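Visitor: Could you walk me through this one? I'd like the fold first, then a few residues.

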Amino acid sequence: MVEAAKQYGLVLKSDPNKATLLVSRMSACGGSCESCGAACAESKPEYIEVLNTQDLKPGDRVELLMDAKTVLKFISLVYGMPLIFLITGVIISLSLGFSQMLSVGLGFVMMIISYLIIKKIDSKFKNMEKNLVVKKI
């Protein structure tokens, strides 16, 4: 793993096979949220279940690493796919002779369809343990 996206978490529960981690999302502004005003610091904590390969115990602090390529793939899926569906819907409907207003509406319908597809894809990737490397710190 050459480059990795890092995240930090806290072990809440553990058994010999699995551990439940509390992970807070990093803010986009790099931690100076008081000067930002974008309310990104109000993100909810996430609970992640991982394989307990390092004898993790409740209270342990861990570092989660994920390959940067994998992270970029998910980012492009979540942000790129809806944009592509929106633009494609507008272009196709304009080329079929629909009005601009109807074309924009159909573009948004296509974007909603892309979110439904993403939700279906996401449900298949709920078990992301194989992409995560957990290190005790």
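**Contacts, helices and a patch**

Guide: Among contacts (heavy atoms within 4.5 Å) in the protein chain between residues at least 6 apart in sequence, 73% join residues at least 24 apart. This is a predicted model, where local features need pLDDT of at least 70 and side-chain atom pairs count only at pLDDT 80 or more, while totals for chains, interfaces and linings use all residues. Residues are numbered from 1 along each chain as its sequence is written, and side-chain values use heavy atoms, with hydrogens and water left out.

Visitor: What pattern does the protein chain follow along the sequence?

Guide: The order is β-β-α-β-β-α-α-β, giving three helices and five strands. Helices (H or I, at least four residues) and strands (E, at least two) are DSSP runs, numbered from the N terminus.

Visitor: Where does UniProt place the "transmembrane region" feature?

Guide: The unreviewed UniProt entry puts it at residues 71-92 and 98-118. UniProt positions are in the numbering used here, feature names are shortened, and annotations may be inferred rather than shown by experiment.

Visitor: And how much helix is there over residues 71-92?

Guide: Residues 71-92 are 100% helix and 0% strand, with the end C-alpha atoms 31 Å apart. For residues 98-118 the figures are 90% helix and 0% strand, with 27 Å between the end C-alpha atoms.

Visitor: Take S114. Buried or exposed?

Guide: S114 counts as buried because its relative accessible area is 0%. The cut-offs are under 20% for buried and over 50% for exposed, with partly exposed in between (1.4 Å probe, protein chains only). S114 sits in helix α3, residues 100-124, and touches M81, P82 and F85, leaving aside residues up to four places away in sequence.

Visitor: Which residues form the nonpolar patch on the surface?

Guide: I92, L96, F98, L102, L106, V109, I113 and I117, with about 660 Å² of accessible area together. Areas come from the Shrake-Rupley method with a 1.4 Å probe; for residues, only the protein chains shown count as cover. Patch members have over 30% relative accessible area and no salt bridge; nonpolar side chains (Val, Leu, Ile, Met, Phe, Trp, Tyr) are joined within 5 Å, like charges within 9 Å. A salt bridge is a side-chain nitrogen of Lys or Arg within 4 Å of a carboxyl oxygen of Asp or Glu. Helix α3 gives the largest share, five residues.

Visitor: Where is I92 found?

Guide: In helix α2, residues 68-95. I92 is partly exposed, at 45% relative accessible area.
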